[in-house]
Amino acid sequence: MPKEKQELSDAMRRKLSVKSTEKKPINGTKFTIAISSAKGGVGKSTFATNLALALKKIGCKVGILDADIYGPSIPKMFGINEKPKSDGQKLEPIIKYDIQCMSIGFLTDEKTPMIWRGPMVTSAIKTFAQKVNWRDLDFIIVDMPPGTGDTQLTFSQGIEINGAIIVSTPQEVALLDVKRGIKMFDKLGVKILGLIDNMSSFTGDDGKKYAIFGEGGVKRTAEEFNKKFLAEIPINPEVGKSGDQGKPIVESYPENEISQIYLDLAKKIKSIYL
Ligand SMILES: Nc1ncnc2c1ncn2[C@@H]1O[C@H](COP(=O)(O)OP(=O)(O)OP(=O)(O)O)[C@@H](O)[C@H]1O
Ligand SMILES: [Mg+2]
């Protein structure tokens, strides 16, 4: 890391009174990967679920933690309708497609909005990190909410994140938020594995590729901030449909070109850590 950046990062950590040694790993887990983007609706949850499934398919033991307290997506995307069991001390993750899953959505009624203040969100996140019986996991994939708020701070300060992946769509408004997200992780000393260009283009029935939301913006942002550009994922209606049906595309159509992108990425990530 350049000296200036290191000093900025150290100063920020001192200001927040957080030493990296105070960050605790999630129990039962080797590596925690956060899927983030300051922008809403860019495909974080879709990416998190499919990456988790791809890592499982190449032989890793995987969990998924839905950190979106106000708008949990994991129950729907994994098609889970049951409540987790508890022994009064710890919660049991729900296992689906061989993945250990936990979400606030398992504990609440789907139609009831979560009207919680920040400290309650912080406490729910800590419960998920410390009081869930995660078992023997290589990776936990954390599906972050949009923004740079309480959840991101709770993770960045108290829970060890071994890598963050930032998902964006190519529009300028999305990229503005992404830049804020990159700066936040940099300041908090969280390693950014790289950026993903989601919904990068659409190929029509005529076989032509259309860059509906613009082209190359995510790659340029990665270069600007000296981050890796990990992959581009095109728009494919099957992605949305399979997520809505509770069986994400990597699980329902492993041969699809989108699933192959996820599998390649999973191999890269596995080779970095294991
Ligand atoms: N590559 C893709 N092709 C087609 N549809 C996609 C793709 N990626 C995501 N989507 C769709 O875009 C919508 C938003 O995705 P998703 O819920 O994953 O975003 P998000 O960033 O998690 O949103 P939020 O900020 O609300 O948590 C969903 O309907 C999803 O199916
Ligand atoms: Mg989401």
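**Entry 1: helix α5**

I began with the cover over helix α5, and I noted that β1 (29-36), α4 (118-130) and α6 (172-187) are among the elements that cover its buried residues. I am working with a predicted model, in which local features need pLDDT of at least 70, side-chain atom pairs count only at pLDDT 80 or more, and totals for chains, interfaces and linings use all residues. Residues are numbered from 1 along each chain as its sequence is written, while chains are lettered from A and ligands numbered from 1 in the order in which they are written.

I wrote down my terms before going on. Helices (H or I, at least four residues) and strands (E, at least two) are DSSP runs that are numbered from the N terminus. A residue is buried if 20 or more other C-beta atoms lie within 10 Å of its own, exposed if 12 or fewer do, and partly exposed in between, with C-beta atoms placed from the backbone. Two residues are in contact if their C-beta atoms, placed in that way, lie within 7 Å.

Helix α5 covers residues 150-158, and I found T151, Q152, F155 and S156 buried in it. Seen down the axis of α5, these buried residues fall within an arc of 120 degrees (taken from the directions from the helix axis to the C-beta atoms), so they line one face of the helix.

**Entry 2: the whole protein**

I then looked up the overall picture, and the protein has ten helices and ten strands. Its radius of gyration, taken over C-alpha atoms, is 18 Å, close to the 19 Å that the globule rule (2.2 Å times the number of residues to the power 0.38) gives for 274 residues, so the protein is as compact as a globular protein of that length. Along the principal axes, the C-alpha atoms fill a box of roughly 55 × 50 × 40 Å. Of the 274 residues, 42% are buried. When I took contacts between residues at least 6 apart in sequence, 79% of them joined residues at least 24 apart.

**Entry 3: the largest nonpolar core**

A nonpolar core is a set of buried Ala, Val, Leu, Ile, Met, Phe, Trp, Tyr and Cys residues joined through C-beta atoms within 7 Å. Which members of the largest core touch the most other members? I found that they are L51 and I141, in a core of 70 residues. Helix α2 (residues 44-57) gives this core its largest share, seven residues. Beyond its neighbours within four places in sequence, I141 is in contact with I33, I35, A48, L51, A52, V62 and I64.

**Entry 4: around ligand 1**

I counted a residue as near the ligand if its C-beta atom, placed from the backbone, lies within 6 Å of it. Ligand 1 is surrounded by 19 residues, of which G40, G43, S45, T46 and G240 are the closest. Helices α2 and α8 (237-244) each supply at least two residues of this shell. The shell divides into six nonpolar, eleven polar and two charged residues, where Ala, Val, Leu, Ile, Met, Phe, Trp, Tyr, Cys and Pro count as nonpolar, Asp, Glu, Lys and Arg as charged, and the others, Gly among them, as polar.

**Entry 5: two loop residues with positive phi**

D136 lies in the loop between α4 and β5 (137-143), and its phi is positive, about 55 degrees, although it is not a glycine. Is D136 buried or exposed? With 10 C-beta neighbours inside 10 Å, D136 counts as exposed. N226 lies in the loop between α7 (217-224) and β10 (229-233), and I noted a positive phi near 60 degrees for this residue, which is not a glycine either. N226 is exposed, with 12 other C-beta atoms within 10 Å.

G181 is in helix α6 and counts as buried, with 24 C-beta neighbours inside 10 Å. Although G181 and S36 are 145 residues apart along the chain, their C-alpha atoms are separated by 7.8 Å.

C101 is in strand β4 (residues 99-103) and is buried, with 25 other C-beta atoms within 10 Å. Leaving out residues up to four places away in sequence, I listed I64, I74, F78, I80, P93, I94 and K96 as the residues that C101 touches.

I104 is in the loop between β4 and α4, and this loop residue is buried, with 22 other C-beta atoms within 10 Å. Under that sequence limit of four places, I104 touches D66, I69, P72, M114 and A124.
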